[in-house]
Amino acid sequence: MAASSARVDLDGNTINPFTICMIGAGGFIGSHLCEKLLTETPHTVLAVDVYNDKIKHLLEGPDSLPWAGRIQFHRLNIKNDSRLEGLIKCSDLTVNLAAICTPADYNTRPLDTIYSNFIDALPVVKYCSENNKRLIHFSTCEVYGKTIGSYLPQDSPLRQDPAYYILKEDTSPCIFGPIEKQRWSYACAKQLIERLIYAEGAENGLEFTIVRPFNWIGPRMDFIPGIDGPSEGVPRVLACFSNNLLRREPLKLVDGGESQRTFVYIKDAIEAVLLMIENPARANGHIFNVGNPNNEVTVRQLAEMMTKVYSKVSGEDSIETPTVDVSSKEFYGEGYDDSDKRIPDMTIINKQLGWDPKTSLWDLLESTLTYQHRTYAEAVKQSVAKAVAS
Ligand SMILES: NC(=O)c1ccc[n+]([C@@H]2O[C@H](COP(=O)([O-])OP(=O)(O)OC[C@H]3O[C@@H](n4cnc5c(N)ncnc54)[C@H](O)[C@@H]3O)[C@@H](O)[C@H]2O)c1
Ligand SMILES: O=c1ccn([C@@H]2O[C@H](COP(=O)(O)OP(=O)(O)O[C@H]3OC[C@](O)(CO)[C@H]3O)[C@@H](O)[C@H]2O)c(=O)[nH]1
């Protein structure tokens, strides 16, 4: 679709093209946000990351492309690069996506996790505040931790009461496990940076929006171990299960696969972020849950659905034993813990931005697994054949 030049916001005001400093633009969410901004808006992106593989298709190509000249890639590590302030200063808005955000790292690399999600984000917040620049910061649904309901007795009827499990931005508490459960290093660091941003808003007038994504999934999420990422790496569940399906191995269910998640299609979620970007008067000062409450499954149900969908899109029968149980200690190591249930309350985002997710879990898995099969099946086949031959 061609970039439109006469865009209007939700209140009918003309949106002038602006420059966005997007930190973490080379990741899963960043790549989709770049694509959306370049193909459907007149805005310019200063894309900051240490990697750019997932946005190569936007960076390379002829000058005749509709977005030519509207994206620049800056390869830099925000931990230690003095160019960061300059990029923030010459932008109208900063979107910060940079983070270590893979659960396998939270308990095994807790220091890196805390530095990445808190310490490394500090200069970004500071530069935005000091230079009066708007900030959209990516937090996480993990700041809610466990539900109140999870602490009730198993047979308590209150567990069925939404008041004990629906997660609301302005009223739900943040409930983490003990310090020795280092899984919560990420959630805790994200919570503290949220509090710092909120305080910068309250005391120094920083214009901010905080996004709490609830399991956004789709093409380009993470990596397939041994193909475009380390063989021993453990990505998030979509890529773990995709890898198992591609290799015709059983899908591993951690602690029985009883935890529940709501999954939202990345393309639906990106619509919400674009609304935030283009409607500052409605988005500033708010924390937004962004998820799909209608797409709730247990991890076991997710595995079963992915197995069925993959069989449909690949044309291959599923294997005889499609799933296997593993303990969290075996899979993630010491200090792992889990969120039991994550259903976002949608009142605030619906009221402020009129956003609702659209895509069902089956449909989003069908388009995502079609992409996974098309992108990886041949490479996996070759890598398996090579391993057998050696
Ligand atoms: N995908 C989800 O469902 C989800 C859920 C909750 C929260 N989030 C949050 O959204 C953000 C983006 O998540 P994602 O899924 O796209 O993850 P991702 O890992 O694909 O992307 C993060 C990007 O940040 C970059 N980065 C990390 N540290 C950096 C540094 N020091 N300097 C420069 N670049 C750096 C990485 O190279 C990567 O490209 C994260 O803050 C994450 O915590 C995502
Ligand atoms: O092979 C596997 C991999 C994972 N599981 C279980 O699936 C659940 C979801 O895991 P995952 O997608 O890796 O991550 P979480 O939902 O727990 O956490 C993420 O949520 C948002 C974010 O902040 C950023 O993406 C991140 O922290 C979980 O129960 C695993 O144990 C499995 O059974 N088998």
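Figure 1. Asn96 stands opposite His137 in E7. The model is predicted, and local features need pLDDT of at least 70, side-chain atom pairs count only at pLDDT 80 or more, and totals for chains, interfaces and linings use all residues. Residues are numbered from 1 along each chain as its sequence is written, ligands are numbered from 1 in the order in which they are written, and side-chain values use heavy atoms, without hydrogens and water. Strand E6 (residues 93-96) and E7 pair in the parallel sense over 4 bridges; two strands pair if DSSP finds at least two bridges between them. Strands (E, at least two residues) and helices (H or I, at least four) are DSSP runs, numbered from the N terminus. E7 also runs parallel to strand E9 (residues 208-213), joined by 4 bridges, and Phe138 stands opposite Val211 in E9.

**Figure 2. Both faces of E7 are covered.** Arg134, Ile136 and Phe138 lie on one side, Leu135 and His137 on the other, and all are buried (under 20% relative accessible area, 1.4 Å probe, protein chains only). Because 5 of the 5 residues of E7 (residues 134-138) are buried, the strand is largely enclosed by the rest of the structure.

Figure 3. An oxygen atom of ligand 2 is 2.7 Å from an N or O atom in the side chain of Tyr106. For the side chain of Arg183, the distance from a ligand 2 oxygen atom to an N or O atom is 3.1 Å, and for that of Tyr336 it is 2.8 Å.

Note on methods:
Polar contact = N/O pair within 3.5 Å; in protein donor to acceptor, adjacent residues only side chain to side chain. Buried < 20%, exposed > 50% of the residue type's maximum accessible area, 1.4 Å probe, protein only.
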